[in-house]
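Reader: I have a model on screen and want to learn how to read it. Where do I begin?

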Amino acid sequence: MAQKGLEDLFYDMLKDVYYAERKILKTLPKMAKGAQSPKLKAAFEKHREETEGQLERLQQVFEIFGKRAVGKTCPAIDGIVEEGEEILEEFAGSPAIDAGLLATAQAVEHYEMARYGTLKTWAAMLGLNDAVKLLDETLQQEGKTDHDLTALAETSVNATALKKAA
């Protein structure tokens with residue numbers, strides 16, 4: 001059996017994150033529908049649009065790498081999405097639902113930032129400079145989304161959940 005190298009690892013993680021982004025794209029409308037806060041609904045809708053662009057960039061990275069864009073099941077993102085679905089079910093109509101959905105969304109963002117940061121580093125090591133730019137663009141976008149979600153949590157969503165629960 002031939003030993004695998006960084007190229008194989010890069011391709012494997014690229015497939016993983018491609019699957020994750022497609023799963024996220026399908027999940028975001030459910031989260032937006034379940035959110036009570038208009039600002040949180042808008043954040044989910046905005047991220048859905050951004051995710052479409054992220055998928056396009058990933059497809060370009062696959063092309064640069066010379067491989068077909070294909071996903072590989074990602075148990076990590078499946079687990080985070082499952083947690084979000086549980087929150088939607090268990091906290092429906094509850095004042096805490098938005099705080100739970102926002103926490104789930106941030107778990108997704110942190111997962112994505114970890115993956116894109118690693119892929120960007122590996123792409124640089126593999127000399128895939130055009131891929132580095134695309135991956136960095138997505139990494140920056142994910143960081144901004146996480147920052148925006150934190151601000152939303154701190155300025156309204158968490159306080160609303162606390163007030164209404166008291």
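**Reading the model, feature by feature**

Author: Begin with one residue and its partners. Setting aside neighbours within four places in sequence, Asp16 is in contact with Lys72, Thr73, Cys74, Tyr111 and Arg115. Keep in mind that this is a predicted model.

Reader: Where does Asp16 lie?

Author: Asp16 lies in helix α1.

Reader: Is Asp16 buried or exposed?

Author: Asp16 has a relative accessible area of 9%, so Asp16 is buried. The cut-off for buried is under 20%. Across the protein chain, buried residues make up 42% of the 166 residues.

Reader: Now the overall layout. How many helices and strands does the protein chain have?

Author: The protein chain has 5 helices and 0 strands. Along the sequence the pattern reads α-α-α-α-α. The C-alpha atoms fill a box of roughly 60 × 30 × 20 Å along the principal axes. Look at the contacts too. Among those between residues at least 6 apart in sequence, 80% join residues at least 24 apart.

Reader: How should I treat confidence?

Author: Where pLDDT is low, the predicted coordinates should not be read in detail. Here the protein chain averages a pLDDT of 95. At least 70 is the score of 98% of the residues.

Reader: Where is confidence lowest, and where highest?

Author: Confidence is lowest in α5, with a mean of 92. The highest is in α4, at 97.

Reader: How do I describe two packed helices?

Author: Two packed helices are described by the angle between their axes and the distance between the axes. Take helix α3 (residues 75-90) and helix α4 (residues 97-125). Their axes come within 9 Å and cross at roughly 175°. An angle over 145 degrees counts as roughly antiparallel, and α3 and α4 are therefore roughly antiparallel to each other.

Reader: Which residues of α3 and α4 meet?

Author: From α3, they are Ala76, Ile77, Ile80, Gly84, Ile87 and Leu88. From α4, they are Ile97, Gly100, Leu101, Thr104, Ala107, Val108 and Tyr111. By class, the contact of α3 with α4 has 10 nonpolar, 3 polar and no charged residues.

Reader: Next, charged pairs. How many salt bridges are found in the whole structure?

Author: A search of the whole structure finds 10. One of them pairs the side chains of Asp78 and Lys23, at 3.3 Å from N to O. Asp78 lies in helix α3 and Lys23 in helix α1 (residues 6-34), so this pair ties together parts that are 55 residues apart in sequence. Asp78 is partly exposed, at 22% relative accessibility. Lys23 is partly exposed as well, at 27%.

Reader: How far apart are the closest N and O atoms of Asp148 and Lys144?

Author: They are 2.8 Å apart, in a salt bridge. Asp148 and Lys144 both lie in helix α5 (residues 129-165), 4 residues apart. Asp148 is partly exposed, with a relative accessible area of 33%. Lys144 is partly exposed at 48%.

Reader: Which residues are linked with them in a network of salt bridges?

Author: Lys46 and Glu50 are linked with Lys144 and Asp148 in a network of salt bridges.

Notes
Residues are numbered from 1 along each chain as its sequence is written. Side-chain values use heavy atoms; hydrogens and water are left out. Axes are lines fitted to C-alpha atoms, for helices over the stretch in contact, and angles run from 0 to 180 degrees between N-to-C directions. Helices (H or I, at least four residues) and strands (E, at least two) are DSSP runs, numbered from the N terminus. Angles under 35 degrees count as roughly parallel, over 145 as roughly antiparallel, 65 to 115 as roughly perpendicular and the rest as oblique. Contact means heavy atoms within 4.5 Å. Ala, Val, Leu, Ile, Met, Phe, Trp, Tyr, Cys and Pro count as nonpolar, Asp, Glu, Lys and Arg as charged, and the others, Gly among them, as polar. A salt bridge is a side-chain nitrogen of Lys or Arg within 4 Å of a carboxyl oxygen of Asp or Glu. Buried means under 20% relative accessible area, exposed over 50%, partly exposed in between (1.4 Å probe, protein chains only). pLDDT is the predictor's confidence in each residue, from 0 to 100.
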